[in-house]
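Student: I'd like to go through this one label by label. Could you hold each label up against its rule?

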Amino acid sequence: PGIFYSYASTAESSINAPSDDGSSSSVQPPTPFLFFGNKYQQIYVNNNGFLTFSQSSSQYDPDSFPAFKNQDTIAGLWTDLDNREKGLVYYRQYTNGSILQRATQDINSYFSNLTFNASWVFTATWNKVAYYNLTSTAGYDTVNSNYYFVIPGSNSGSSITNLNSSSNVNVPGRWAFRVDGGPKPIAASPFDPCYSYTILDQSWRSVYNTTFYPYLNCDYNFNFVGWYRFLLDGQNAQMTEQCIPVYHCGSYVSLHLDGGHPTIADGVVNRKTCVFWNNICCNAEIIPIRVKACLGGYYVYELVQPTPYCSAYCAEVSSFTTLAEPGIFYSYGPMVENTINAPSDDGSSSSVQLPTPFLFFGNKHQQIYVNNNGFLTFSQSSSQYDPDSFPAFKNQDIIAGLWTDLDNREKGQIYYRQYTNGSILQKATQDINSGNYSFILMNYAGIAATEHPVEAGYDTVNSSNYFVIPGSNNGSSITKLNTSSNVNVPGRWAFRVDGESKPIAENTIGLQMKLISYLDITNMGHEDILEKAQSHFRLRNRCGVYGRCNVNNNGFLTFSQSSSKFIPDSFPGFKNQDIIAGLWTDLDNRAKGQIYYRQYTSGSILQRATQDINSFSNFSNLNFNASWVFTASWNNVAYYDKTSTAGYDTVNSSNYFVIPGSNSGSSITKLNTSSNINVPGRWAFRVDGESKPIA
């Protein structure tokens with residue numbers, strides 16, 4: 001864009017050599033560069049998107065600022081870049097000419113009180129450099145982190161695409177900082193607490209801390225002024241919303257947030273903090289504060305000094321990215337009689353015994369099972385991960401908050417709790433306010449899209465009563481559940497489920513859903529990276545008659561079970577397994593490279609696959625229409641130069657094919673030019689068994 005200073009390769013521009021995690025040599029400025037009190041006579045332009053001064057760096061995983069290290073760092077966008085694959089890294093110094101005039105004009109327009117006159121300009125430019133979509137950060141950090149700044153959104157893979165539109169100087173895509181040690185950098189106008197806060201990084205504030213030796217920490221001894229952000233051992237944290245008992249968080253009583261965290265759209269909101277006392281969640285020491293959610297995926301709090309008890313603001317590690325659960329959520333968490341389901345794929349709670357029967361459309365239930373895949377059952381637990389389509393006409397009662405293939409081994413917790421007294425009953429009474437009946441409340445916060453089947457609502461024995469929440473059975477629409485409602489409360493659905501006209505005992509079941517997807521666990525919607533040696537990926541009702549595929553690190557797919565075999569079979573192998581070999585050899589992704597895989601059930605990839613298959617003359621009579629695509633990619637993975645093979649083989653080798661040259665180490669370098677369909681580097685086979693593949 002026009003905001004870029006010129007950087008093209010000229011006689012006076014330097015280009016870093018293509019090198020994974022490489023760097024420039026030492027660049028000597030004509031005069032020392034002053035960076036928060038330190039004067040530097042040299043600069044290193046590191047290929048991974050950042051500058052250092054004392055020495056070059058090959059570090060590709062960025063530090064989380066503040067890093068409290070012994071180095072000064074300026075990060076344009078520090079992440080795992082690779083200029084061997086694509087792109088160029090330029091740098092250049094200017095001591096005269098139009099660039100100095102432009103820099104003088106730019107700086108004086110942002111810092112009008114300085115009368116700045118540029119005598120030297122240094123530019124470093126990473127132009128179209130390939131990168132691995134991992135962690136990232138942009139901003140700066142100093143020795144011991146006395147000064148630091150993180151550009152909002154730069155440490156979130158899904159938000160870095162917005163960096164070309166964000167700014168602190170009202171010029172989209174540009175951020176400017178004064179770094180000589182004078183006044184702190186300007187922030188967006190008007191005042192925004194997201195860019196002006198004090199860090200509270202005290203591990204004793206953790207909800208899990210029950211140690212207060214040698215003394216209790218009392219926040220009435222702390223003079224709170226302005227806005228604060230919580231960290232726990234350097235990790236992003238937030239004030240807890242849990243009801244925390246005494247002698248936690250390093251203090252006698254613990255202050256938690258009441259009313260829920262805001263969303264970014266809410267701006268600055270008023271909230272109160274209070275303490276759990278005498279089994280009442282918000283019983284004493286009600287203190288008003290203000291809270292704001294920030295674009296960088298964190299919260300800031302305008303805290304005040306609590307009195308008169310020995311108490312402390314209590315924090316927990318935050319999962320906040322750009323959304324927070326709304327105030328409609330009832331309090332939950334691992335404290336105060338909450339139970340957490342054990343991490344288990346397709347697992348469940350044990351039987352939860354109810355103090356009084358729960359009436360569900362005529363059936364009285366004395367027990368509930370909280371199934372990990374997002375639904376409740378009554379007669380027995382269930383490991384079913386593919387949801388029923390309501391009405392299912394089965395012999396069971398079901399309440400589905402969001403029934404889909406969840407996995408709490410990867411991330412997240414599943415909580416459940418019963419209440420028979422206290423503020424939660426008062427809140428439920430106030431929310432329902434409809435008499436003495438049985439009700440379901442379903443609350444939704446941010447839900448990530450998914451390609452798996454989903455369902456939310458309820459179904460009864462023989463489906464005599466059922467309901468599907470609109471949009472809940474569409475993986476791309478479930479992101480809107482936090483705004484839909486049948487009771488005019490965004491994100492909440494309420495149902496009367498007693499099935500009778502006569503009042504019964506007061507019963508309410510609440511389900512609350514805040515979910516990420518498998519894709520979000522790794523890199524926010526791009527291909528998953530397979531980091532575990534010999535892992536398998538379950539493909540629901542795909543891979544032909546197989547229920548699963550295994551992406552083996554050594555370059556091949558299997559179906560019945562994973563395989564660690566590094567010496568490939570010679571096809572035909574006459575074995576009892578089906579195999580697809582991209583290039584089966586002794587690979588090692590510990591040394592280098594990544595292995596990606598992904599499924600597609602909609603979008604441009606299906607269109608491309610349809611177009612590709614139909615364009616090959618040998619398949620032009622099929623009128624093929626792709627409904628599912630699975631890709632597995634081995635990218636720059638290191639390998640031992642041993643035997644290899646590419647092609648496929650079936651059980652007992654009734655069908656097999658070896659790509660010519662793939663079983664010869666000296667010939668595999670030519671695989672990118674060979675083909676059976678006149679597309680260099682591509683081989684295509686029809687494998688449904690209806691007709692033999694072309695040769």
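Tutor: Happy to, and let's start with the cysteines: a disulfide here is a pair of cysteine sulfur atoms within 2.5 Å. Keep in mind that this is a predicted model, where local features need pLDDT of at least 70, side-chain atom pairs count only at pLDDT 80 or more, and totals for chains, interfaces and linings use all residues. Residues are numbered from 1 along each chain as its sequence is written, and side-chain values use heavy atoms, with hydrogens and water left out.

Student: What makes Cys274 and Cys282 a disulfide?

Tutor: Their sulfur atoms are 1.9 Å apart, and the rule asks for a pair within 2.5 Å, so Cys274 and Cys282 count as a disulfide. The torsion about their S-S bond is about -120°, so this disulfide is left-handed.

Student: Why is Cys274 called buried, and what is Cys282 called?

Tutor: Buried means under 20% relative accessible area, exposed means over 50%, and partly exposed is in between (1.4 Å probe, protein chains only). Cys274 has 0% relative accessibility, so it counts as buried. Cys282 has a relative accessible area of 21%, so it is partly exposed.

Student: How many disulfides does a search of the whole structure find?

Tutor: Five. One of them joins Cys194 to Cys294, with 2.0 Å from S to S.

Student: How do you know which hand the disulfide of Cys194 and Cys294 has?

Tutor: From the torsion about the S-S bond: it is about -90°, so the disulfide is left-handed. This pair links distant parts of the chain, 100 residues apart, with Cys194 in the loop between β12 (148-150) and β13 (198-201) and Cys294 in strand β18 (residues 280-294). Those strands are DSSP runs of E, at least two residues long, and helices are runs of H or I with at least four, numbered from the N terminus. Cys194 is at 4% relative accessibility and so counts as buried, and Cys294, at 1%, is buried too.

Student: What does the disulfide of Cys218 and Cys310 tie together?

Tutor: First the distance: their sulfur atoms are 1.9 Å apart. Cys218 lies in the loop between β13 and β14 (227-232) and Cys310 in the loop between β19 (298-302) and β20, so the pair ties together parts that are 92 residues apart in sequence. Both cysteines are buried, and with -80° about the S-S bond their link is left-handed.

Student: Why is Ser311 called buried?

Tutor: Its relative accessibility is 0%, so it counts as buried. Ser311 sits in strand β20 (residues 311-313), and its C-alpha atom is 7.4 Å from that of Asn217, 94 residues away along the chain.

Student: On to charges. What makes Asp258 and Lys272 a salt bridge?

Tutor: The rule wants a side-chain nitrogen of Lys or Arg within 4 Å of a carboxyl oxygen of Asp or Glu. The closest N and O atoms of Asp258 and Lys272 are 3.8 Å apart, so the pair qualifies. Asp258 lies in strand β16 and Lys272 in strand β17 (residues 269-277), so the pair ties together parts that are 14 residues apart in sequence. By this rule the count comes to 15 salt bridges.

Student: In the salt bridge of Asp388 and Lys394, which label does each residue get, buried or partly exposed?

Tutor: Asp388 is at 7% relative accessibility, so it counts as buried, while Lys394, at 34%, is partly exposed. Their N to O distance is 3.1 Å. For Asp569 and Lys575 that distance is 3.2 Å; Asp569, at 9%, is buried and Lys575, at 36%, is partly exposed.

Student: How do you know that the buried residues of helix α2 line one face?

Tutor: The buried residues of α2 (residues 423-432) are Ile424, Ala428 and Ile432. Seen down the axis, they fall within an arc of 60°, so they line one face of the helix; the arc is that of the directions from the helix axis to the C-beta atoms. On the other side of α2, Gln426, Thr429 and Gln430 are exposed.
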